[in-house]
Each structure stands twice: as C-alpha cells, then as structure tokens.
Amino acid sequence: MAPLLNVENLRVSFPTHRGRVEVVKGISFALGRERLGIVGESGSGKSMTGRSILKLIRKPGLVTADRMEFDGIDLGAQSERQMRDFRGARISMVMQDPKFSLNPVMTVGEQIAEALVTHERLGRREVQQRILDMLAAVRINDPERVARLYPHEVSGGMGQRIMIAMMLIPGPELLIADEPTSALDVSVQAQVLDIIDDLVRTKGMGLILISHDLNLVSRYCDRILVMNGGRIVEECAAGQLSQAQHPYTRGLLAAMPTINEQRAELPVLDRTQWAGT
Amino acid sequence: MSAIELKNLDISYGDSKVVHGINLAIAEGESFALVGESGSGKSTILRAIAGLAPDWTGEIAVLGKARSHGVERGVARQVQMVFQDPYGSLHPRKTVDSVLSEPLAINGIGNRGERVEAMLTAVGLDHRFRFRFPHQLSGGQRQRVAIARALMLEPKVLLLDEPTSALDVSVQAEILNLLKRLRREQGLTYLLVTHNLPVVSFLCDRLAVMRQGRVVEVADVEQLKQGRLVEPYSQELLAATVA
Amino acid sequence: MTTRDWLLDDSPASRWQANVGRAYRVFTALLRNPLSVLGGVIILLLILTALFAPWIAPYSPTGQSLGERLLPPSEAHWMGTDELGRDIFSRVIWGSQITLTIVGLVALISAPLGLLIGAIAGYFGGWTDRVLMGVTDIFLSMPKLILALAFVAALGPGINNAIIAIAITSWPAYARIARAETLTIRNAEFIAAVRLQGANPVRVIVQHILPLCTSSMIIRVTLDMAGVILTAAGLGFIGLGAQPPLPEWGAMISRGRTFILDQWWVATMPGFAIIIVSLGFCFLGDGLRDVLDPKSEGK
C-alpha cells in the first residue's frame, strides 16, 4: 500500500538579524494508516514539522521539501485555496489549548456544524444528528445540552474533546495532534488520548502525535521519531523505546524521574554534544 | 517546632471558598508536597502562606510564629517562593544582577556584589549571566535566577509552585537536582506544589493529596513509591501517572 | 574589541554596560525605520535651532523697521517681513525656543503626574482607584482647548500660564494609560516576588511598575507633542498665549491673518514651522512605538 503521507528533505527556516535560521533541517519520513509519534524538547522543530504539512507556516517563514505528498497529491504545489479544501476535510489538526482554538461567541454545536457544512452539503436535521453522534463518540454524556453551551462554560478536558469532535466530524484521513493534552490534568489526559486512539483505530486514519512526553507517545503510537535541533535523531518502534540507541534519546529517558525513584541525582544531558544550533 | 503549621485553614477568593479546613504540620527540614489536579486549591495554600491570598480564616504559623493576613516584611527572611512560570516571574527590564540585588537593597543588607556572585555560583549559573536581561536567558536559566532570588535572603522555608512544570524534561532534571542539592546544603524546608508524582518521589519526604479544596490523604513518600496510597482518589491519580 | 562589540556583548560586565547596550539596540532598531529617522532629524534640528538662535537669526526678532513693512521673501529677508517690518525668518528661528520650552515643560509636568496618578490608582485599586479615576474622567470629558482656555482665562494670559493650562489638561490621558498598564502588571509574578521580599508599595510602584509603563508613556507623549504645539499655537492665535512682541508661532499666524490674501507669507511661514515640527514628533513617536513595545523586545 502506498503511504498516506510522504515527506522528503523537509526544511523550515525563519529570518533573523543573523541571517536565515533553519528550525527543521531536512527531515524525511513516510506515514501509512498508522500512529506516528514525534517527540522532542522545545525548539526541536517538532511543531513546525506538523504545521508545515498543513502549510500553516506564515511568511517570512519558508518551507521547502524535495517531496511532500499526501495520498499521491503534491502538497507543495497546492495553492492556498486548494489547501483550504484539504484542511479539515482530509487532514485535521488538534492544537494544544482549546481555550484559544474555540470561538468564544459561538455555541459548541454551531462550531461543530460549521466544521461539517464547510466541507459537505447536508440537510439541517442530518447535520444535527451527525453532531450529536460525534459528541457521543468523544464520550460526552449529554450531547444535546453540551451542543448549546458556549466555550467558557465547559471545562478544559471537555473543551479538548469538543475540539477533537470538530476536527474529526468531516472524516479526515490524517489527524495531526500537537500537544493535545499538555494543558490538561493527568487523569483527563488519559481520557482524551484514549478517545483519539479509539477513533483513529476504528476509522482507520493516520495519526501524527506531537509531544514532549516520551512515555505518552510510546503508549499511544506505533512508531516514534525523536527530534533534536531540527533533525530526526532516532526512529524506533514504540515498544523498543527502552532499547533506544541514540545518546540523546537515552539521556531524555534517564532524565525523567520515575514514580519509584531511588537515584540520588538525575543524570543530566550534556548539551554541548548534540547542540543543534 | 514545625516549619509550617496550618490549623482549620479556609481560604476564599471573592465570595467562593476554595480551600476547606486544612490541618497540616510540616517539620523543619522536611520536604513536603501538595499534589492534586488544577482547581484543587493546592497553589492557593502556598499563596496564603506567602501572604498573597489574604482572605483566609483559621491559623497559619511559620516557624512557630502566627502569620498575619498580608505580606510581612519580617517573614521575608524566613519564607520565600518560587513561581511556576519562568517567563512571567522575572521583570523584563531588569538584569539578573538587579533582580538578585533587590532583596538585599530592600532589607538593607550590604556587600551586595559579592553575595550576588556567590549565589550565582550556588545555583550553577555562570558569572557571564550576571548582567543579562531575562530575554537573553533560556527557560532553565530563568528558573535558576528565580530560585537564586528566593534564596538571597537566606530563608528557612521555600514555597515551590510547580517549579518545573513549564520546563523540558532534561531541564527539569537539572532544576530538580539543584533543588535537592540546595536543600541538603542549606537545610531548607520545602513545600512543593505539583501535579507530577514522579517529581514528588524524587524530591519529597511526605505528600498530601488534595481534591476540591480538601486534603484527601497524607502519606509517606515510601507509600507513594510502592503504590500503597490508601484513598481511592489517590490511587486514581497514581494510576493515571503510571499507566 | 570595538565599541560596537562592547555595546552588543551578550554577557555584559556591568549594569551600566547592560543598560547602554539595550539603549543601543533600541537606537539601531530606530535607525532602520526611515520615517522615524526623519522625525528624529527634525526634532534634533529644532533643538539646535533653539540653542543657537542668536547666531542663526540674521536680524533681531523684535527690531521694527517700518520702512520695510510687508516685504515678500527675498535674499535679504528669506521669509519676508511682517506688518512692523520685522524679519519673519528671524522670528521663526527665535520662536523655536518658545515652542521647545512649551513642549518640554508640558511633557515634564504632565507625563510624570499622569504616570504617578495612574500607577497609584491601578496598584491600590478600590476607593483610591475610584476617586483618582473619577477626577481623571472629569478632566477627560471636557474638550482640551476649551479647558485650557478656561484655565488661561482664570490665570491670566501669558506663556507660563499657557504651559500650566496645557499641562493640566493633558495629564488625564497619561493617567489612563498608566492605570491600564499597571492593572496588567500588578498581578504579575515578578511583582508578587518583590512584595514577598518586603518591598513597600512606594518601592514596588517606583522601581518595578513605573519602568514598565514608561515606554508606552514616551510613545504617547511624543505623539501628543504635535497636539501640544497646536494647542499652544491655538492659545497664541486667540491672544491668550504668548504676548507680543514674543515671536510665538501661533500668535504670528494670528497677526498675519489680516493680510493673508495679499501678503500670504506672513501667516504661512510660521504655519510651515508648526506643521514640520508636529510631523517630526509624529514620525518619531511612530518609530518609537515599534521599537519600545515591550512585546517586541527580545526578538
């Protein structure tokens, strides 16, 4: 089967007063209908990678790639108008904080409806039914009541589930989730990720999960890319993370305290060794 | 004598009561954690002890002395606080040097230059950073400055409000090591607020689990390490972390 | 090591070097904007002109010569002469001193006053805030020129009273800005930190809040300067500002009004001066806004 997404030699750069600085330095990967995790620390270029797939990087940022194909279509050659048909309909993105992603003056139901009718023509009753089904699918108990609420009336976890409902209702083939749970409490995090996981599996979508949390990514993905300083330093199956080879990955793993912590001191990364900049 | 003692502490914000009937005693030299989800009132307790949340009833005693409701000058040399956000906790127009000299100037302590240099060394910051502005520092370096600022007055008690949750994993490790070393070297008492149980396991001796403004359970860190927390809610939190 | 390296050093060796370095960065950023450079040059020229007026002006600003009344611009009189035979160019040059005095004193009186009142109201809140902002609102609700007129009428005409009147009418706008800024800064963690170190409210406001309000204040004051010059000229025009024979630009326009159709230069030349200086302040203010905005800092 041809890969869903194929990226070769992707570079993203921004101008500074010291000339152009590359934040993504030529990375390549392919994605099937699977769950891919991209992990890295702040400044590793992981978020820029996610955004450049949807061509969401604004000028003066510059994105170049030898190849960036989604389902055989060259994304690089698409105009801004054509990209709008892609976004939401075939590739969706869930951002970090629902507080900033939801429109404060529209009810939850209206926003989900908008996401749906932008890409599909449907009757009113059908739209309503699809919304309620979708809200039920993200495990909201009382969908009819929640659809009438405004974003400030829902909790963070509920807000993020609504975002997911909004992103998944047009039935995209690829979901990019950029730190979807880092603004949420631990117990809610698991719920939200379980929902994403469940929907991705049942609908047979591709998932790119971008996070700084190695444990979280290894739990919810099949394959992991570790990024540092704009490059992929390690690629491995999620199960094999504990046998990671690259010293950076090993350093990250070791630096995390565990619940049964016996070490008197945590090992610290020697930054000079892989300093990308 | 307890470093911090809370008796029947209720704290309100405006009309709503957010913390209900807290009774805790933290021994001198102990490292104690308040854990819970957002909205559980754990940060509010820190702010009340510091004097930043003045609307409370009950008793707060620091090092055996009852505390008034506002910010007190006398308490400044006993209790200091480190905040969560390393980007919001440093004045954007002040150099590291003036940030660290300020507490000395306020309290009329001399020999400032030497003290600032000594503190930079203690928190592991190169002296090159002394005259930099916050925007010239990374998140981890800023948090080191914030810790240094809190220690300038040589307090006995340090209130830590999620000191590493805004940092990357590898930077978090550095800051946690630093906090552990400083506590050992200066005999500090820590009251740490966090939602991260592994951090508690690394840094603390005891913990209190909070939910909706109440303490659910007070446990020894060994209980946490071995997964022997008693209350169902504590177990729930633990499961969410371990899974 | 060159001076430039010293200024842009990432690891300054003293507080002085750090602050000078920051000022230098602001300055170089300002230089990248051609309009603000133009504004800066105009203001600089104004200051130089005012300082060296006695040497620049070819004639006395008040010396009358009735035989040379209302001469058009010529080689001898670059801007012509007025109805009393005074050289207009010399009067415009000397007038720059008056303009600069007005602008400087108004800024010196009203900006710190507004800054302080706004910061106190914002920091303490509650009744202090309500009372101070009530007073501010009363001043703001009246048109500036009318209010200034009323003050001058009460104090008596003259340049000093005009300055006081303009200063009294312009602080409320600054108080509003300072209060809004203070409200956003007040709950910042770095303010909580200095309070925990035992700083009293005076110290918190003066050392920690005011430095963050000043940049928006500088921008606002610079942009308002054009308005101040126009108000001063307006008062002079009505006859309540500078009194004759002082060469104040507004008063000069007022006198030239009578001959505007036949001897256009009498009113137009000081008019040009007002327009150019006002524009200079506006350009500079715009440039400063881009450079000093705290949000753009560090990029």
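Mentor: Gladly! Let's start at a hairpin: strands E10 and E11 of chain A form it with two residues between them, and A:Gly229 in the turn has a positive phi of about 55 degrees. Strands (E, at least two residues) and helices (H or I, at least four) are DSSP runs, numbered from the N terminus. Keep in mind that this is a predicted model, where local features need pLDDT of at least 70 and side-chain atom pairs count only at pLDDT 80 or more, while totals for chains, interfaces and linings use all residues. Residues are numbered from 1 along each chain as its sequence is written, and chains are lettered from A and ligands numbered from 1 in the order in which they are written.

Two strands count as paired if DSSP finds at least two bridges between them. One bridge links A:Met227 to its partner A:Ile232 in E11(A). E10(A) also pairs with strand E3 (residues 35-39) of chain A, in the parallel sense and over four bridges; here A:Val39 has A:Val226 as its bridge partner.

Chain A gives 20 residues to its contact with chain B, and chain B gives 22; two residues are in contact if their C-beta atoms, placed from the backbone, lie within 7 Å. On the chain B side, helices H6 (169-186), H7 (197-203) and H9 (232-242) each give two or more residues. H6(B) has the largest share, six residues. By type, that side divides into 11 nonpolar, six polar and five charged residues, where Ala, Val, Leu, Ile, Met, Phe, Trp, Tyr, Cys and Pro count as nonpolar, Asp, Glu, Lys and Arg as charged, and the others, Gly among them, as polar.

Chain B has an open sheet of six strands in the order E6-E7-E8-E3-E9-E10, with mixed pairing. Its edge strands, each pairing on one side only, are E6 and E10 (214-220). Within this sheet, E3(B) (residues 31-35) and E8(B) (residues 189-194) pair in the parallel sense over five bridges, and B:Leu34 is partnered by B:Val193.

H3(B) gives the most, five residues.

H3(B) (residues 96-106) also packs on H5(B) (residues 139-151) at an angle of about 20 degrees, with axes 8 Å apart. Axes are lines fitted to C-alpha atoms, for helices over the stretch in contact, and angles run from 0 to 180 degrees between N-to-C directions. The two helices are therefore roughly parallel (under 35 degrees; over 145 is roughly antiparallel, 65 to 115 roughly perpendicular, the rest oblique). Among the residues that meet are B:Val99 and B:Leu100 in H3(B) and B:Val145 in H5(B). The residues of this contact divide into six nonpolar, no polar and one charged.
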